[in-house]
Amino acid sequence: MKSLHGTSAFPPPSASVFTRQEAEALQAQNERLLHLFRSRGFAPVNPPIMQPADVFLERSGEQIRARTFLFTDPDGLEELCLRPDLTVPICRLHLQQATDPTAEARYACIGPVFRYHARRDPRFPDEYRQAGVEWLGHAAEERIRADAEVLRLCIIALRRAGLSRFRLRLGDIGLMRALLDDIPMPQRWRKRLLMRFNRQKAFRHALMVMAGRAPDETNALADILEEITHLDPLDIEAAERLVMTRLKKMKAEILAGRSIGDIARRLLEKAEDAHLPPLSQEHVARIEALLAVEGTPQEVLAALRNLGKESDGHFAEAIRRLADFFSRLEDIFAAGECRFSAGFGRALEYYTGVVFSIEAEIGGEWLTVAGGGRYDDMLASLGGPRVPACGFGIHTERLLMATHDGGNG
Amino acid sequence: MTVPAYRTSAPLGEDVPLVVGLPSKGRLMEKAAALFAAGGHAVRRIGSDRGYRGTIEGLENVEVAFLSASEIARHLRNGKIDAGITGEDLLQETIPDWQSRIEILISLGFGHANVVVAVPESWLDCATMDDLEEIAEEHFQRHGRRLRVATKYLRLTRQFFANKGIAGYRTVLSSGATEGAPAAGTAEVIVDITSTGSTLRANHLKVLEDGIILRSQAVFAARLEKCGDPRMQILASTLKSALRNEQ
């Protein structure tokens, strides 16, 4: 199967890049994967390939939209998409079919997903088969066990498929959340920082503003903020009156999805932020130190304990959880290259805790063949109850390329 | 039916005609024609005034394809034309990684307009992209929906928002009258092109302080691999001397 990613004669994007033998090998590999998942108690499901577009677009932001195939139904009424991953469709299926959506459910799925790359490189296909499991509704106190089991299953699956050399990258968004919880600041500052967790530059900018080191570079709002500053920060009605008066004078009627209250509240908060004491030097340093924590699981635990030694709060608890998680996977860490970075968050924005990605060498480059993590907010955001959830997905075409790439498998 | 001047397959020989895309109507067409005429190489339409093909006086083996400005950008991308006059905004929007495929040979000094991010004037708390990001986050937490940005400039919008570190929004493709989207309720924010800003003001929209994505103007651009062609050099120097004489 040497031709899988040869440099000459790339097939057109989207088309099947596999010869018949390769297609058969993929089929056999994926049947073995499904068999493994089933033997671990994950029931196969097949959610629809066509999904309502909104669900994905609202959940994943523009980076995914840029890769999503969108279309309307023939009546031109409903916007649809070809599913860009399996997690959201499985969660929707669960909410539609489970008699008790909070009860434990384990699903497995192998099927096509679609992400536009427009590259004539079979390692970046527009359509590929993803294999994965989702474990919903395990007991809240079982989260660490579930996280560890899911990661272990993912690695077993890759090994059984013949992948012997890979890199595991780990992160845990829960650490930053816990650290921020321990540092005194308005709740909205915490949210502001966590929302930017995936985006280093934006995160640092927000942090510097809070530290008073990067003041708002514009004075465009100085005039109205000056007026607002004289109001009681809790007197939302006075702020609304002020906003209303201004809008009347401007004859500005289009609020575009926001209310007078939304605008007034944010003005009050902005005015208040400017007068709150900035984050202390020490707290900023701790946040930055956490982001810089990187290394093997052992190194990371030592660094984190160093960082959290005075605190006995949320952060200490988060470290204990992480240590527990690590201790369940020692054999796996011993067997391959594993790096943990506290700043590692996967590009999909729905992860809430442990995240991981596994890379393999394909055609001389290290590419992601699998990824997963914890996404406890997903079901609630789809209109269901809040249910603990974790899972992973494997890029099965890439897995096949990696295991037939000479030197591996 | 007229045969389009642009190629449908790759050129084979050395003496293949060089195809130049020129705007087929409007002010862009008039200005382009005037520049070539002033430079001593007037553009001639083949057949009637309505024809879609033309020649350039005094230049052998150069064909003109009269196209819309957006078609010129598209055909530059796929190589159906070798050079053309169009808006810089359309080049950057239409051609992925445009610098690696296209060179802007001359900025023509007309058709000035900015591609900008604009929000409702009523958003008294919003002056910068930072404000917009916070409002987008709040909107999502409060309503479970992303803020929608109506635009025909999907690529420019995504690049600009990504550079600003903003992720919590979604684009809505708009094919016309983008400035009406907030009033119509189909989007909250727009990215659009504006020359004087009067259309935005009339629609009660304001441009964010750091929301200028691109300062665009009409340009003469060519596919990189054709830039060395002697005919291309003559075309470029014709336009250059016409521009010099204008001043």
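The structure is a predicted model, in which local features need pLDDT of at least 70, side-chain atom pairs count only at pLDDT 80 or more, and totals for chains, interfaces and linings use all residues. Residues are numbered from 1 along each chain as its sequence is written, chains are lettered from A and ligands numbered from 1 in the order in which they are written, and side-chain values use heavy atoms, leaving out hydrogens and water.

The 18 residues of H4(A) should span 26 Å at 1.5 Å a residue, and its end C-alpha atoms are 25 Å apart, which agrees; the expected span is 1.5 Å times one less than the number of residues. Among the buried residues of H4(A) are A:Ile144, A:Ala148, A:Leu151 and A:Ile155 (buried: under 20% relative accessible area, exposed: over 50%, partly exposed: in between, with a 1.4 Å probe and protein chains only).

The largest nonpolar core holds 111 residues, and A:Phe37, A:Leu170, A:Phe325, A:Ile358 and A:Ile394 have the most contacts inside it. Helix H4 of chain A, residues 143-160, gives the most to this core, with 11 residues. Such a core is a set of buried Ala, Val, Leu, Ile, Met, Phe, Trp, Tyr and Cys residues joined through side-chain atoms within 4.5 Å. A:Phe325 touches A:Ile144, A:Asp147, A:Ala148, A:Leu151, A:Leu170 and A:Val354, not counting residues up to four places away in sequence (contact: heavy atoms within 4.5 Å).

Notes. Helices (H or I, at least four residues) and strands (E, at least two) are DSSP runs, numbered from the N terminus.
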